[in-house]
Amino acid sequence: MRTFTATFTVTLPFQLRKEDGVYLSCCPPLDVWSQGMTAKEARENLVEAVGLFISSCFVRGTLDSVLRECGFVPLASPPKGTPKKITGRQIRVPVPVPFAFHGDQSACQS
């Protein structure tokens, strides 16, 4: 068995505010929060928290149901035309996803 990690990147909106001397960061679509002593640290911590959240849901096999609970729905096909861009602040989150390969690797070669 061989293992490897694929990394996907998601772009999501986020909010940032300062409260009692600490910066709070939030990704509203997933209801994931983090914080930091600076705006940059709060944003970086949120990127890490969202990545861990999505990754752990995938590993546990709950990603589909969690995303549905958050209001996401799968599309039967890609939307036509230019996709709408997220307005406002955005974070790009790399999401590492571990995989194991049990098959014959030579079957994929031509």
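Tutor: Asp-20 is exposed, with a relative accessible area of 77%. Please bear in mind throughout that the model is a predicted one.

Student: In which loop is the place of Asp-20?

Tutor: Asp-20 is exposed, at 77% relative accessible area. Its backbone has a positive phi although Asp-20 is not a glycine. The place of Asp-20 is in the loop between strand 2 (15-19) and strand 3.

Student: What phi does Asp-20 take in the hairpin of strand 2 and strand 3?

Tutor: Most residues other than glycine have a negative phi. The hairpin of strand 2 and strand 3 has 2 residues between the strands. There, Asp-20 takes a positive phi near 55°.

Student: How many bridges join strand 2 to strand 3?

Tutor: Strand 2 and strand 3 run antiparallel. Within this arrangement, Arg-17 stands opposite Leu-24 in strand 3. The number of bridges joining strand 2 to strand 3 is 5.

Student: Is Asp-31 buried or exposed?

Tutor: Asp-31 is placed in the loop between strand 3 and strand 4 (32-36). Asp-31 has a positive phi of about 55° and is not a glycine. The cut-off for exposure is a relative accessible area over 50%. Because Asp-31 has a relative accessible area of 57%, its class is exposed.

Student: What is the relative accessible area of Ser-25?

Tutor: Ser-25 is found in strand 3 (residues 22-27). Leaving out residues up to four places away in sequence, Ser-25 touches several others, including Gln-15, Leu-16, Trp-33, Gln-35 and Leu-46. Ser-25 is buried, and its relative accessible area is 0%.

Student: Which residue has its backbone oxygen 2.8 Å from a polar atom of the side chain of Ser-25?

Tutor: Ser-25 is buried. Among the residues Ser-25 touches are Ala-42 and Arg-43. The backbone oxygen that lies 2.8 Å from a polar atom of the Ser-25 side chain belongs to Ala-42.

Student: Which element supplies the largest share of the lining of the largest pocket?

Tutor: The largest pocket holds about 230 Å³ of space. Its lining includes Phe-8, Val-10, Phe-58, Leu-67 and Val-97. Strand 1 (2-13), helix 1 (39-60), helix 2 (63-69) and strand 5 (90-101) each contribute at least two lining residues. The largest share, 4 residues, comes from strand 1.

Student: Is Val-97 buried or exposed?

Tutor: Val-97 is found in strand 5 and is one of the residues lining the largest pocket. Apart from neighbours within four places in sequence, Val-97 is in contact with Phe-4, Thr-5, Ala-6, Phe-8 and Phe-58. Because its relative accessibility is 5%, Val-97 counts as buried.

Student: How far apart in space are Val-97 and Val-59, C-alpha to C-alpha?

Tutor: Val-97 and Val-59 are 38 residues apart in sequence. Their C-alpha to C-alpha distance in space is 7.7 Å.

Student: In what order do the elements of the chain run from the N terminus on?

Tutor: The chain has 2 helices and 5 strands. Strand 1 covers residues 2-13, and strand 5 covers residues 90-101. From the N terminus on, the order is β-β-β-β-α-α-β.

Student: What percentage of the residues in the chain is buried?

Tutor: The chain exposes about 8,200 Å², with carbon and sulfur atoms supplying 56% of that area. A residue counts as buried under 20% relative accessible area. Of the 110 residues in the chain, the buried ones make up 21%.

Conventions. Residues are numbered from 1 along each chain as its sequence is written. This is a predicted model: local features need pLDDT of at least 70, side-chain atom pairs count only at pLDDT 80 or more; totals for chains, interfaces and linings use all residues. Side-chain values use heavy atoms; hydrogens and water are left out. Buried means under 20% relative accessible area, exposed over 50%, partly exposed in between (1.4 Å probe, protein chains only). A polar contact is a pair of N or O atoms within 3.5 Å; within protein, one must be able to donate a hydrogen and the other to accept it, and residues adjacent in sequence count only if both atoms are side-chain atoms. Contact means heavy atoms within 4.5 Å. Accessible areas come from the Shrake-Rupley method with a 1.4 Å probe; for residues, only the protein chains shown count as cover. Two strands pair if DSSP finds at least two bridges between them. On a 1 Å grid over the protein atoms alone, a cavity is a set of points where a 1.4 Å probe fits but cannot get out, and a pocket is an open set with protein on both sides within 12 Å along at least five of seven lines; lining residues have an atom within 4 Å of a point. Grid points are joined across faces, edges and corners, and a volume is the space filled by probe spheres set on the points.
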